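Here is a short note to read beside the model. Please keep the 3D view open as you go through the points.

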Amino acid sequence: RAVAMSVSHSSRLNKLVREQYMRLPQDGKVQITYVWIDGSGEGVRCKSRTLDKEPKSIEDVPEWNFDGSSTAQAEGSNSDMFLVPVCMFRDPFCLDPNKLVLCEVLKYNRKPAETNLRHTCKKVMDLVKDSHPWFGMEQEYTLLGINGHPYGWPDNGFPGPQGPYYCGVGADKVYGRDIVESHYKACLYAGVKICGTNAEVMPSQWEFQVGPCEGIEMGDHLWMARFILHRVCEDFGVVATLDPKPMTGNWNGAGCHTNYSTEEMRREGGLKHIEAAIEKLSKRHDYHICVYDPRGGRDNSRRLTGHHETSNIFEFSAGVANRGASIRIPRQVGQDGYGYFEDRRPAANCDPYAVTEAIMRTTVLNETGVETKDYAEH
């Protein structure tokens with residue numbers, strides 16, 4: 001007898017009944033879903049409201065508020081937090097003309113909430129805009145049943161060893177492709193700059209890539225892609241975890257490899273600028289490890305062991321086509337003499353605002369040591 005998969009109760013509701021309601025006209029009104037990062041620095045929250053007409057730009061979306069005491073962002077006695085719209089996307093769940101709106105969170109005094117890392121990232125990106133930094137981030141994640149066990153794995157035991165699953169095809173090698181393809185289409189519809197996807201080395205582990213994005217856009221688009229992933233998984237009744245090492249033992253962890261270049265790196269002879277940037281990064285390894293996961297490196301210490309295609313968390317290394325190095329220069333870039341490089345250290349649950357800001361502080365603003373400089377508002 002087939003074992004019932006561990007999916008949520010709500011995923012078993014009749015979706016055809018839902019479709020009947022989704023087709024009803026809205027009479028010119030528009031549903032706006034506000035999305036924000038909660039007090040964990042990893043979770044996303046959302047709530048919706050009605051506007052009288054379709055917003056044409058982010059300026060047309062009003063500020064809103066929410067109860068920060070219920071998201072680990074405020075005390076109950078002073079719990080109102082502000083939602084400040086920063087980036088707007090089409091809504092792939094409720095369809096046009098409805099919108100998904102990513103928001104920054106401000107406290108009662110209009111200062112950024114502790115997990116609002118976009119605020120300083122935006123300041124830094126404005127400072128370095130003349131270098132035209134491009135990013136592409138590779139988001140790995142693992143599908144779990146609602147019992148916390150990897151989706152599709154045997155209830156009592158493990159699948160066969162790693163090898164046939166990476167970019168695999170076939171029911172015995174791939175678990176959850178429906179979710180992956182639905183997420184991809186939803187991101188394209190929304191206007192998220194998703195550029196690819198593949199099955200990863202551990203069974204039921206996947207990756208999608210977002211980019212190239214310039215400056216602050218990288219964090220905006222990756223966070224919205226994450227929200228859409230969690231929302232798609234909700235429909236299918238499973239969970240997507242960004243834990244950097246969801247299964248202990250001889251299984252690959254999950255990272256968020258970050259590809260990066262400036263305009264001068266992308267031009268003829270750019271390799272010398274790439275090498276100069278890597279040299280700066282080599283002198284600031286501890287600082288980067290500290291900001292590359294939400295727990296100051298503790299999450300990444302479970303993943304960056306020097307095994308399973310990772311570098312050692314305590315050592316900085318770089319190499320051409322080396323997936324066991326902190327920084328990888330793609331072979332093609334080595335041959336062409338220009339292009340980009342890949343920082344393989346960020347954990348799957350990193351905040352992309354923190355990662356991209358740190359890279360700019362070190363490679364363009366030439367900061368050193370573990371302290372960061374506070375730049376005046378421009």
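1. **Basis.** This is a predicted model, in which local features need pLDDT of at least 70, side-chain atom pairs count only at pLDDT 80 or more, and totals for chains, interfaces and linings use all residues. Residues are numbered from 1 along each chain as its sequence is written, and side-chain values use heavy atoms, with hydrogens and water left out.

2. **Main core.** The largest nonpolar core has 72 residues. (Such a core is a set of buried Ala, Val, Leu, Ile, Met, Phe, Trp, Tyr and Cys residues joined through side-chain atoms within 4.5 Å; buried means under 20% relative accessible area, exposed over 50%, partly exposed in between, with a 1.4 Å probe and protein chains only.) Tyr141, Leu143, Met224, Ile228 and Phe341 have the most contacts inside this core. Helix α4 (residues 217-236) gives the largest share, 10 residues. (Helices are DSSP runs of H or I, at least four residues; strands are runs of E, at least two; both are numbered from the N terminus.) Domain 1 (10-115) and domain 2 (125-364) both contribute, so the core lies between them. The domain bounds come from an automatic or database assignment.

3. **Second core.** A separate core has 15 residues, including Val30, Ile32, Trp36 and Val101.

4. **Tryptophan 223.** This residue lies in helix α4. Tryptophan 223 is buried because its relative accessible area is 1%. Beyond four places in sequence, tryptophan 223 touches Ile37, Gly41, Glu42, Val44, Leu102, Asp351, Pro352 and Tyr353. (Contact means heavy atoms within 4.5 Å.) Proline 352 is 129 residues away along the chain, yet the two C-alpha atoms are separated by 7.8 Å.

5. **Cavities.** How many cavities of 30 Å³ or more does a search of the whole structure find? There are 2. (A cavity is a set of points on a 1 Å grid over the protein atoms alone where a 1.4 Å probe fits but cannot get out; lining residues have an atom within 4 Å of a point. Points are joined across faces, edges and corners, and the volume is the space filled by probe spheres set on them.) The largest cavity has a volume of about 100 Å³. Among its 13 lining residues, Ile37, Cys103, Glu104, Val105 and Asn116 are the closest to its centre. Strand β5 gives the largest share of the lining, 4 residues.

6. **Arginine 328.** Strand β12 (residues 327-329) holds arginine 328. Arginine 328 counts as buried because its relative accessibility is 10%. Its side chain makes a polar contact with the side chain of glutamate 342 at 2.6 Å. (A polar contact is a pair of N or O atoms within 3.5 Å; within protein, one must be able to donate a hydrogen and the other to accept it, and residues adjacent in sequence count only if both atoms are side-chain atoms.)

Key: 1 Å grid on protein atoms, 1.4 Å probe; cavity = no way out; pocket = protein on both sides within 12 Å on 5 of 7 lines; lining within 4 Å.
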